[in-house]
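Please read them with the structure open.

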Amino acid sequence: MSVPQPPEPIPGARLLFSLDPAVSHLNHGSFGAVPIGVQRAQQRLRDEMEANPLRFFTQGLVDRIAHTRRHLAGFLGADPDGSALVGNTTTGVAVVLQSLGLQPGDEVLSTDHGYGAVSLAIQRECRRTGAVSRVLPIPLAASDEQLVQIIREGLRPGRTRVLVVDQLTSATAKLFPTAAIVGVAREHGVPVLVDAAHAPGMLSTTVASIGADFWVGNLHKWAYAPRGTALLAVAPQWRDRIEPLVVSWEQESGFPARVEWQATLDYTSWLAAPAGLFTLRSLGVDRVRSHNAALAAYGQRVVADALGVPPAQLPDPGGPEVSLRLIPLPAGMAATIDAARALQARIGERLAAEVAVMSWNGRGWLRLTGQVYNTADEYEQLAARLPALLAQR
Ligand SMILES: Cc1ncc(COP(=O)(O)O)c(C=O)c1O
């Protein structure tokens, strides 16, 4: 089968970023990349802060945060007053877990596609409260219907106090049918926390249409916000129960201000986040989405061809907007997290290509992303050089 054509480049897009031109940046998924205009917007805010710190923090900052949050929530289709800005998805998950009031014998249900740090947070909350963590195995190739069925059968109504699922998984780049999962969980009276770390900017699904009890997503990955910008959306019945990790001066203001105000911090990443949306909109949100997904699909195919992986063995990401794609590595390679990290570093050093190497269920995977600053030849160069590097085990 022939490799599909790469998408038309978006003219000038690479110039919007300060990325090292000597490196192919094929892992936007882990930490994003902040456009130069957004970096400058944040620097202007820092200049304002440093010109008069007292005025910056005490006159209007809480309101500026609220205005920014409403703007970002509007873009994501979340309730502007039922959402709180947090530093990152990990923090949002921790806020939710510790607000649930878990008791001994309660169960937190998640899947084996969950993000490692989120699994660790679940384990710690369970140790702290006497609750139990149960992880549902879900085959990589499961269809949406099969996935929903596995979850339906895995729920233990009355015991399962929360179900934690990803909207788009990190290690397996798989889109979960979150609205359908929420529907099934609701039928059984089980609240759902959606880890949507990759959704903002990449996926067009609105937060409201998923209908989860809790949803948290990063704007610092695919929405071009400065790092440290995430939104936690909470359904009305939970808002009074949500406690911040750190009690500070807005505690008596209730949700969301009490979660947002976390004492003296650099809040400029949040205030500059709308500049990220501006960049996305000025490039054309739909155009960026379809470009990135098509380029990631192209990169997946050229690298898979070079490694001798037939198209039938490439996992289906589950949706047309998914801009991260997996390629299986030869059996036994990157089988552990440590081995995966070592291989990722070796590819970075030897091939000047930043990629993600994932270890999932004892199997190693290469994860590639597509972004507006990438070009087809970056994947072609990786494809030309990777087989020799992998052969030098
Ligand atoms: C699915 C998923 N959840 C959570 C996170 C954590 O994001 P952060 O480090 O911004 O908290 C990531 C980061 O890549 C992720 O992919």
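Predicted model: local features only at pLDDT ≥ 70, side-chain atom pairs only at ≥ 80, totals over all residues.

**Ligand site, helix packing and backbone**

1. Start with the make-up of the ligand shell.

2. At Thr-90, a side-chain N or O atom sits 2.5 Å from an oxygen atom of the ligand. At Asn-218, a side-chain N or O atom is 2.9 Å from a ligand oxygen. Thr-89 takes part through its backbone: a polar atom there is 3.3 Å from an oxygen atom of the ligand. How much of the ligand does the protein bury? Taken alone, the ligand exposes 400 Å², and the protein buries 90% of that.

3. Now the helices. Two packed helices are described by the angle between their axes and the distance between the axes. Take helix α12 (residues 285-306) and helix α14 (residues 376-391). Their axes are 8 Å apart, and the packing angle is about 20 degrees. That makes α12 roughly parallel to α14, because angles under 35 degrees count as roughly parallel. The crossing of α12 past α14 is right-handed.

4. Helix α2 (residues 36-51) packs with helix α11 (residues 268-283) at an angle of about 150 degrees. Here the axes are 8 Å apart. Are these two helices roughly parallel or roughly antiparallel to each other? The cut-off for roughly antiparallel is over 145 degrees, so α2 and α11 are roughly antiparallel. They cross in a right-handed sense.

5. A further pair is helix α7 (residues 144-154) and helix α8 (residues 178-187). Their axes come within 10 Å and cross at roughly 25 degrees. α7 is therefore roughly parallel to α8. This crossing, of α7 and α8, is right-handed.

6. Most residues other than glycine have a negative phi, and most peptide bonds are trans. The peptide bond from Phe-255 to Pro-256 is cis, with omega near 5 degrees. Pro-256 lies in the loop between β8 (230-234) and α10 (257-260).

7. Ala-352 is in the loop between α13 (337-351) and β10 (353-354).

Notes. Residues numbered from 1 in each chain as written. Heavy atoms only, no water. Polar contact = N/O pair within 3.5 Å; in protein donor to acceptor, adjacent residues only side chain to side chain. Areas by Shrake-Rupley, 256 points an atom, 1.4 Å probe, with all protein chains shown as cover. Axes fitted to C-alpha atoms, helices over the stretch in contact; angles between N-to-C directions. Helix = DSSP H or I, 4+ residues; strand = E, 2+ residues; numbered from the N terminus. Parallel < 35°, antiparallel > 145°, perpendicular 65-115°, else oblique. Left-handed = near helix turned anticlockwise from the far one by under 90°.
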